[in-house]
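Subject: Structure for you to look at

Hello,

The structure we talked about is below. Please open it first, then read the notes under it.

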Amino acid sequence: MAKKKVKGLVIVESPAKARKISGYLGSDYTVLASMGHVRDLPPKASEIPAAVKKEPWSTLGVNVDAEFEPLYIIPKEKKKVVKELKDALKNAQELIIATDEDREGESIGWHLIELLKPKVPVKRMVFSEITKSAIQAAIENPRDIDSDLVSAQETRRVLDRLYGYRLSPLLWKKVAPKLSAGRVQSVAVRVLVQRELERIAFHSGTYWDLKATLKSNVEAQFEAQLWTVGGKKVASGKDFDESTGKLKVDADVLLLNEQQSQELKERLLKNEWQVAKIEERKQVRKPYPPFTTSTLQQESNRKLNMTARQTMQTAQRLYEAGHITYMRTDSVNLSKEAIDAARNCVDSRYGHEYLSESPRQFTSKSKNAQEAHEAIRPAGTEMKTAEELGLSGGEERLYSLIWKRTVATQMAEARLRFQTVTIAADDAEFRATGRHVEFQGFFRAYVEGVDDPEAALDDQEASLPPLKEAEKLNCQELEPIGHETKPPARYTEATLVRALEADGIGRPSTYASIIGTIQDRGYVRKQGSQLVPTFTAMAVTKLLEQYFPKLVDFAFTANMEQTLDDISNGEAESLPYLKGFYGGDEGLDEQVKTNEEKIDPREICTLELEGIESNIRVGRYGPYLEKLLNGENLTASLPAEISPAEITNELAEKLLKQKLEGPTPIGMHPEEGLPVFVLHGPYGYYLQLGEVTEEGPKPKRVSLPKNLEPEQVTLELALDLLSLPRTVGQHPETEKVVKAGIGRFGPYVLHDKVYASIPKDKDVLTIGLDDAVDLIKNKRGRGAATPLKELGAHPDDGETVAVFEGRYGPYVKHGKINATIPKDTEVDSVTLQQALDLIAAKAAKGGGTKKKKKKATKKKAAKKKTAKKKAAPKKKAAKKKPGKKKKSSE
């Protein structure tokens, strides 16, 4: 009997989205996940089809000679998914594409239709939130695939491929292997490098002023800063030239030094103090617009300390669970339903006086807020809190941020009063400022964070006591204070996102992956919240600025983004733009060919920093100093943690001197009679016993544990570490020795050829036998590993799904499938649903255990060996049968 056909096959990107939508559509529809893109350009040479492998353009994956036609392939891990979708389509009356509503989602939908070749009607349903009403409305009001959006996405993909695949190999040859160039990535690196160069060029200026602690008639204390002396304004930080550290030429100010400020203090303390003038002004603050992708990334970085990647991963989960609207958006628009829901929420939770007089709508500043129908807000019309939804961890924190920001949009304006009081003492004037929040308004729900840690938040109260003009004041304390001007602050993730968006570089939805990539490629490292460019970043930026200035020009990159927007709106065509970008004398292809021979790797990898006498070279094993001394080239490695702006002539001389004279030992080994050194290598700090000699070319070395700074190492501690590995004891079951030591991957315990990592809370020098035995027991492959967290039973077979700690980080496990937990995802926040999605994605890629893959490889090799034996040449060659053609491989 033929299986009854379902009304439609609905295809989305992820299992979580599929489950949620399936619950709203019921049994009439089959909802399946494509697991993202089902077709793409070949990621590596081995996946280029044999039919085109010899073509000169094949490595690009784009036929530049045939109107830039992309070479699309189905990745190996997606073939199983495609087959499942094709099989499901046979049993459906129509195909419904329900991928995300942006260009990427439109493109995934188009590729699905191209691959599945449906013989049934095809519909495209779009929605900005996964709620019952939104899904039902979407399925009742379908549209066609938007070919302009598809064209814009394909153009972007081709542009990025051409940019990356033509420039990256050049970087491998001229700078270092494994580097990459990218249309937005390289510009983002340049932004960071320019700021670092500004910090290097910066010269600090010094100035002094006075801070007075005053008491009014009502016995209330407050502080005031020196403002003028003899009618002349006292110098402050903004009066200095950053390039010289001196006052600007046009600065008409009084610059005080320490002695002058001390003398002024003594003089003023002998005089009367009184209020000279009181000025007041009132200000109204309006609520901030609801979140876009960019502002959500900025604010979650400031307030929640979440990276852009963490923010987008968490927002994706909230969206797919039906808790928020679509998180990739440039729009600040709110639907009428959302505004009504927010206003009802304000009225009931905060009171009618906190409600704005009329519904408040916002206008987007983005030139092309086309990909979004709404801002990011809580889904539905109930405005439930995170607590009411039962959220926890990162999801609870991010949802609460979105909830508060959305609710605040419909609240009354905040009213503030600012006071500026001028205080006179002899010929000097001091100023005291105060702020008072007269009515909190939307501050009750939400206050935006600030990038400057010293700046006051909008709702911060700093009132002055009641004062009157001519009122006498008592000076309790007068303190001279010295100041040094500060260099421009390095970018954080929040400020970089803001800068890129302000210049129209890239799309906010891609910033998370770009910030991740520039760190993964070694262009940037994080120092607290700061993004610090490396010397490699400076060399690559130098190459691109000198030989491909247009490609890292901010305006050019912004125009590229605008062109993609125009293509998505049907206002521009893809092909002419690609031809202009890649072809011709000024095109990318010709520029690479022309410049390749001109670029001198040594010159590019030599950095001459302003004010630094030594050169800095970017070498194969990292950056190093280079200086000509007495006709000889002297070099010294730079520690990995040193940033470009931290290099000084004093530091350079110290490192070169150490290299010339050799390292200074921290002491002598009492038994061996050899010096003990703390040294720095490509992989970090390590201890060395003795020097490298012809008799002893490999002295004993041991890595310093990562939680130990070189300055903390005493001779006693060094001797203990050099004595490793040490015997911890005998294993109670096998009676074999258990040892502890430090290896390539850090501290470990060893028993019977089984290594287990020592966790950060244990010390390799003091770990006891019981703890060591537990670590060995929990090691994978030797007894059952202890999970960090059990998440629940798998719905298919009831087996436990749990989180484990592995050598390369945490992972979720079900049966024989291990799936890595994405970088930046908080382990404590991983839910069963997330784990199921990760496991499903790994299973779709054919993931399993390493043993299983090894077994399969061995089996395959054995088959090949047998086949070779069978195909051994016979004494007589068989005659060819006419008319039989060789079957072409696909």
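**Notes on the structure**

R157 is partly exposed, with a relative accessible area of 22%. On this scale buried means under 20% relative accessible area, exposed means over 50%, and partly exposed is in between, with a 1.4 Å probe and only protein chains counted. This is a predicted model, in which local features need pLDDT of at least 70 and side-chain atom pairs count only at pLDDT 80 or more, while totals for chains, interfaces and linings use all residues. Residues are numbered from 1 along each chain as its sequence is written, and side-chain values use heavy atoms, with hydrogens and water left out.

**Overall**

Of the protein's 890 residues, 47% count as buried. Along the principal axes, the C-alpha atoms fill a box of roughly 120 × 85 × 70 Å. There are 24 helices and 31 strands; these are DSSP runs numbered from the N terminus, with helices being H or I of at least four residues and strands being E of at least two.

**Salt bridges**

Side chains of opposite charge can pair when their charged atoms come close. A salt bridge here is a side-chain nitrogen of Lys or Arg within 4 Å of a carboxyl oxygen of Asp or Glu. The structure holds 48 of them.

One of these joins R157 to D40, with the closest N and O atoms 3.0 Å apart. The pair links distant parts of the chain: R157 is in helix α5 (residues 147–174) and D40 is in the loop between β2 and β3 (62–63), 117 residues apart. D40 is partly exposed too, at 24% relative accessibility.

R143 and E106 also meet through their side chains, at 2.8 Å from N to O. E106 counts as buried, at 0% relative accessibility, whereas R143 is partly exposed at 29%.

In the salt bridge between K211 and E223, the closest N and O atoms are 3.7 Å apart. K211 lies in strand β7 (residues 206–215) and E223 in strand β8 (residues 221–229), so the pair ties together parts 12 residues apart in sequence. Salt bridges that share partners also join E104, R156, D160, R183 and E561 into one network.

**Strands**

Two strands pair if DSSP finds at least two bridges between them. Strand β1 (residues 8–12) and β2 run parallel and are joined by five bridges; V10 has V31 in β2 as its bridge partner. In a regular strand the side chains alternate between the two faces of the sheet. In β2 (residues 29–33), Y29, V31 and A33 make up the covered face, and T30 and L32 the uncovered one.

Strands β14 (residues 524–527) and β15 (residues 530–533) pair in the antiparallel sense over four bridges, and R525 stands opposite V532 in β15. The two strands form a hairpin with two residues between them, and G528 in the turn has a positive phi of about 65°.

**Two exposed residues**

E711 is in the loop between β23 (700–703) and α21 (715–722). E711 is exposed, with a relative accessible area of 67%. E650, in helix α20 (residues 649–661), is exposed at 60%. E650 and I612 are 38 residues apart in sequence, and their C-alpha atoms are 9.4 Å apart in space.

Regards
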